[in-house]
Structures are given as structure tokens and as C-alpha cells.
Amino acid sequence: MIGSSVGGVFKRTLFSALAALFVSALLISVIFAIIPVCNNVLILAIAMAVSGLAMGIIDTIANIQLVTIYQKDSAIFLQALHFFIGFGALVSPLIADPFLSETGCGNHTGNGTEIMHHFRSMLRYSPIVEHNITQSHVPHDGGEKEESIVQYAFWIMALINLPVPVAVLFLMYREQLLPCCPGSTPRLLDKDELAMETQQGAEGPDLEQKEDEAGGHGSIFSCCQNDNLRGLPASFIMIHILGGMVLFMTDGIVGAYAGFVYTYAVAPPMSLPNKTAGYLASIFWAAITAGRLLSIPLSYRFQPVRILMFNLAGAIVTVLMLLIFHTSSIFLFVGTCLCGLFLSSIFPCMLAYTEDILDYKGCATSVLVTSAGMGEMVMQVLVGSIIQTEGSYSFLLCGMIIACIGFIFFIGLLLFHQMHRNYLTGTSKKSAIEEVEEVEPAADQNGSAKTEQTENNNTVTIS
């Protein structure tokens, strides 16, 4: 969340953005490589915090760069970006699964073993990866417990991630941003016709300077400075807040549903077997990934606001149907798939829609990315606490309430969009009137001068 908040700082120049991407991506590989050798909880916590900071910076910079480069066409590319995010979330647990020990490692209390078995079951009973647990996995009559080889999962993920910083470094070379390696080949962005059409008539440094003067993208902290907020209408600020609150709710639903749908499925009244319930989380993430893939062509044909309206309404109807048919295991699977499809493209569409409202001059990307991360963190804790105290049925009830609140915030966003449009229209008319008033005295003065000159010429002629 902190990384998402400060990520906008590195947007000032293309070099700083790509350098931050390179360092962050490289840090993630390094952290994943050293996590298995951390023998202290404090060191492990610091390593995970640094990794989370790097991921937040990458998330913000990637979204900001796509919005900056493609602007009104950015919705399509944002959908593609978030498709790969969902694809990674779907595939990475499958890579880790073969290296997880069924019995765990170290000494566990009875309660701890039960909790570990809960999370292990969510991963083990997936539709893609399934291991046959034989007696060789189980400790023999007082024998030694099986040792976990989970460190190999971290090392494999570190190796898989290494091509990312290499690709960023290559991009910096092609953009001629490495002083030690000046390139003679044309810059990649110069070959991107769509990007050039978006930014035609403006050179790179001049464009960045104009964006900075207009209060362009930056970190949340720089956006909240009094100098940047002075003279802005209330609608400008409320669009940031309401857009962030919509994503706070919807991404909160994504995190809570993925985290607790297994808990809901194995508890009464559903009482599904562990293996069957383990499919749900994988189906949910697969539906999110498929929904983002389907949203790429849809974003080309429909405006983001229409997709948002359809998805939010669809999510509410789906959760409502899950509440009505709360004893149907078949509809639980169908509803999980539909819920993933409807929630999949809300984030990229909201980002494109909000930035378009603000004419790409606000801090919407930093605000929205931070709000989404905060919602995913807070809602999991909140929903988990409610499930523990009130029972599993409260899981869907919480989802329904959160979805309705998010829809109310979206309606408020539409209202403030209209207010902001009226403000811009009034400002444009006022500016046009002022320009006309400035031109008219100048024209009258020129006309008077010409009349005097004509009279003088006539007098000279008569003389």
C-alpha cells in the first residue's frame, strides 16, 4: 500500500519510471531468493515488507505509464495488463504446490495443524494440480516427519521473475536512456503509431513539463499539497475520493471472496468435501483472468462507464442469487464463476474512466491503486472477523452489503462527473467571453486609428 502511494513520484521522467521498475523487479527476485534462508521472524518480516513495497511501486508505475502514453485508448491496454496480473495469481500457487509438505515443517499445536491443513487443502484440491497423497507422505510410527522443500518454490519464482528486470533494462537501452550504452536504433515509442497519435504535437520534455505544471500524476502526498489543491473545484476532489471508494469496496470483495469461499463451502449449510471446495478459489481466479481477457475487445467497443455499470450491477445480482440459493452447491460454483467475471474488469475500467474525467491531469492512478490495495487488505480482516463471530452465512451477507455500498459510491461518482463537466463548460465559456472582450477593445482601437489616419490623408489631399 505504501509502495502504491509513493509510486507516482517516479513518474516525473521516463528514465525515473523505468529505473524504478528495474530496481523493484530485481528486488523481488532477490527477496524471493533469500526468503528461504531467513531464520528470524523479524528478518522475514522486513524482507516481505520490502517485497510488498516493490510490488506496490510496480503496480502504480505500470498503470500510470499506460494511462500517460495511450490516454483515451488506455482502457484496452489496462485490461491486458490486469489480465496478466490475474494470470500470475492463478498460476503461481500451482508452481508452489509440488513443494509443499502435507505435514508441514516444525512443531505445530493441534490448532495450528488444523489451520495449516485448511490452507493446504485450498491449494492442494485445485482443478489443475492434484497430488495423490500416499502413505509415504505420512510419518511412520514415530518416525521422522517429512521435511518441507518449499524453498525450491521461492527459488523457482525468483528465476521466473528475472526476465522482467532484464526486459526493463533492454527497454531503457532501446529508449536510449542508458548513458553508458548509447543506442543507434530508433526508440520503440517512436514506432508506436497509437502513442504518437495520442501525443502528437508535443515533444517529450515539453509534455512532461506541461503535465507537471497542470498538477499531473504524482504520489498521493504530492497531490495533497495545498498548492496543488488551491483553486480546484470540489468535484475534482470528490471524483478522486469516490473512485477510490468504489475500488476499495470491489477489490475488497475480490480479496475476501478468494480468501474465504473455501471456508464458507466446507461449513454448514453447504458442507462440501474439502476436495470439492478446493476448486472454488481456482475457479474464481480463472474467471477473473478470463473476464479480463474478454474485456480487452469489449473496451474497444464500449465506453468504460457502461462496462462499469454492467459489472457492478451483475456483481450485486450474483451475490443476491447466492444468498437466495445458499444451500445449492451447483449454484455456488456457477455464482463463483459469474462473480469472478463481473469483478474482473472493474479496476482497469474505473482507472480509465476516472482519468478520462480528469483529462489525465489528476492523481487518480495513485489514489485508485492505493485504495484498491487498502480495500483488499482491510476487507479480508473485517470479513474474516465477522465470519468467526457470526458464522459462515455472514460471508455472503457481507459481500452483498459491500457490493451495494460500492454501487452507491459509483452513482455518486456519476453525479460529480456531471458537476465537473458543467464546471468545465462554464469555465470554457467564461474564458471565451474574456477573450472576446479583450479582442473587441483592440479592434475598436485599431478602427479608430485607421479612421484618424484616413481623415488626415483626406485633409492633406484637400490642401
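The model is predicted: local features need pLDDT of at least 70, side-chain atom pairs count only at pLDDT 80 or more, and totals for chains, interfaces and linings use all residues. Residues are numbered from 1 along each chain as its sequence is written, and side-chain values use heavy atoms, with hydrogens and water left out.

Rolling a probe the size of a water molecule over the atoms shows where empty space is left. Here, a cavity is a set of points on a 1 Å grid over the protein atoms alone where a 1.4 Å probe fits but cannot get out. Points are joined across faces, edges and corners, and the volume is the space filled by probe spheres set on them. The count is 2 cavities of 30 Å³ or more.

Start with the largest cavity. It holds about 80 Å³. Its lining residues (those with an atom within 4 Å of a point) include Y257, F395 and G399. Two helices, α13 (234-266) and α19 (394-462), each give two or more residues to this lining. Helices are DSSP runs (H or I, at least four residues), numbered from the N terminus. The top contributor is α19, with 4 residues. The lining has 8 nonpolar residues, 1 polar and no charged. Ala, Val, Leu, Ile, Met, Phe, Trp, Tyr, Cys and Pro count as nonpolar, Asp, Glu, Lys and Arg as charged, and the others, Gly among them, as polar.

Now take the second largest cavity, with about 40 Å³ of space. T250, L312 and A403 are among its lining residues. Both α13 and α15 (304-324) supply at least two. Here α15 gives the most, with 3 residues. This lining divides into 7 nonpolar, 1 polar and no charged residues.

Terms used:
1 Å grid on protein atoms, 1.4 Å probe; cavity = no way out; pocket = protein on both sides within 12 Å on 5 of 7 lines; lining within 4 Å.
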